[in-house]
Amino acid sequence: MENKNSLSRRSFLKDSAIGSIGLVGGINILSSCSSDKSKKGELKLPKLLDQAPDGKVLKAGLIGCGGRGTGAAMDFLDAGPNLQIVALGDVFQDKLDSCREILKKERNVEIPDENCFIGFDSYEKVIDSGVDVVLLCTPPHFRPAHVEAAVNAQKHIFMEKPIAVDPFGVRKVLAAVKRAKTLNLNIVSGTIRRAQKDYMETRRRVLNGEIGDITGANIIRNGGALWYRTRKPEWTDMEYMLRNWVNFCWLSGDHITEQFIHEVDVMNWYLGKNPVKATGWGGRQRRVTGDQYDFFSIEYLYDNGMRTHCAARQIDGCTNEKVEQINCTNGYADASGKLYDLNGNIIWEYPHPEETDTQSEWKVTNPFVQEHINLVTAIRSGNTINDGEDQAYSSLVTIMGRMAAYTGKDITWDEVLNADLYLGPKTYVMGPVENIPEIIPVAGVPGKE
């Protein structure tokens, strides 16, 4: 069954952001804006377009036709003129059919039968179908292999977050991203906050020192339970796990990696460095399927002694909250658009215009579309962008926290970066899945009498 009260990634993020369209500007865009400094050293806000510039037709293929993949396909089409979705790939016929129907209904796009591919090798067929761009939106376990194949085929890439579920996958993506740079391929990831103007402007002000030096962060994402699927008698192990993928660690990375990466990535974006150690705990009270936790609490330690705290929960019937607080010597920031002094007084707030004011320079474009605008603009302008390394490390930070919580042990950066941990089977068939029992991780050992 599906939990009817669940919050999807798209709806949760959209509810906490401005979803309207209307920014104006040039085509000098930078996805992360992490090094866009003026001659005086002041961080400047890159110019953003509300639509990608015109150019020759760009053909995209979608790999992973679930809800987020279908949304990504429509976001790509909305990013500018002369953009096409021409191929679809998935392991399930019903998912592909649903995506195909929605594209026809919502965007009047018809995908021919010969460009619709089913099976674990469908990603190869989409990549080989004559596309310029691939949209990688399968469960994240498969992302590293798909990124590697797309780079080898010299395709531009949109890759949904997270980019891996284990250190083995992260290293594979890092290698592919490095090769993509030598080929001038563009890669944009689905961590949308780096493409969202209110978040970008808030970060610009903090990094320019308006509230002093960064001393730490408090990052929280508490929301309702996600959907789940009850196993049907006719489903094999593999089909059950794939249709219930957000509840299995080997497919999703657990919700600290699959969902909480958005908020952790904001923290990493501000700090510009990776932690040296993670200490954490978590557990499970309400989840009814799969092998994952439903709450985490992680403390990250940095090389200068700074500490940050990150906590996330997915349980219905509790208070929901999203906090992205960056602490500084003279105040603190709400990363979504506010600066405070040390007494809690607002000293600056992002000037969101009225929805009817489509000409305002402060209008915030729907970030789900903006990331595709940035990708298409980079392709057509020749100003290559590649945020793959940033997203690989953000994924690894969440994996580091998950490993600490699952084991009850401190995990160092060197340990997670070099760990031989690989989650999932080595071959994929719609049959039994051996050695991945539906058992919840338990940290530590029983207490003594």
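**Entry 1: H5 and H6.** I started with the crossing of H5 over H6, which is left-handed; I am working from a predicted model here. I looked up the geometry next: the axes of H5 (residues 143-152) and H6 (residues 167-182) come within 9 Å and cross at roughly 15°. Angles under 35 degrees count as roughly parallel, so H5 is roughly parallel to H6. On the H5 side I listed Pro 144, Ala 145, Val 147, Glu 148, Val 151 and Asn 152 as contact residues, and on the H6 side Gly 169, Lys 172, Val 173, Ala 176, Arg 179 and Ala 180. Sorted by class, this contact has seven nonpolar, two polar and three charged residues.

**Entry 2: H11 and H13.** I then turned to H11 (residues 261-271) and H13 (residues 388-407), whose axes are 9 Å apart at an angle of about 115°. Their crossing is right-handed. H11 contributes Ile 261, Val 264, Asp 265 and Asn 268 to the contact, while the H13 residues include Gln 391, Tyr 393 and Val 397. I noted four nonpolar, five polar and one charged residues for this contact.

**Entry 3: the sheet.** I traced an open sheet of nine strands with mixed pairing, in the order S14-S13-S12-S11-S7-S10-S9-S8-S15. Its edge strands are S14 (346-349) and S15 (411-412). Inside it, I found S11 (residues 321-328) and S12 (residues 331-334) running antiparallel, joined by four bridges. Gln 325 stands opposite Asp 334 in S12.

**Entry 4: helices on the sheet.** H7 (residues 197-207) packs on the sheet and touches S7, S11, S12, S13 and S14, with its direction at about 35° to that of S13.

Terms used. Residues are numbered from 1 along each chain as its sequence is written. This is a predicted model: local features need pLDDT of at least 70, side-chain atom pairs count only at pLDDT 80 or more; totals for chains, interfaces and linings use all residues. Side-chain values use heavy atoms; hydrogens and water are left out. Axes are lines fitted to C-alpha atoms, for helices over the stretch in contact, and angles run from 0 to 180 degrees between N-to-C directions. Helices (H or I, at least four residues) and strands (E, at least two) are DSSP runs, numbered from the N terminus. Angles under 35 degrees count as roughly parallel, over 145 as roughly antiparallel, 65 to 115 as roughly perpendicular and the rest as oblique. A crossing is left-handed if the near helix is turned anticlockwise from the far one by less than a right angle, and right-handed if clockwise. Contact means heavy atoms within 4.5 Å. Ala, Val, Leu, Ile, Met, Phe, Trp, Tyr, Cys and Pro count as nonpolar, Asp, Glu, Lys and Arg as charged, and the others, Gly among them, as polar. Two strands pair if DSSP finds at least two bridges between them.
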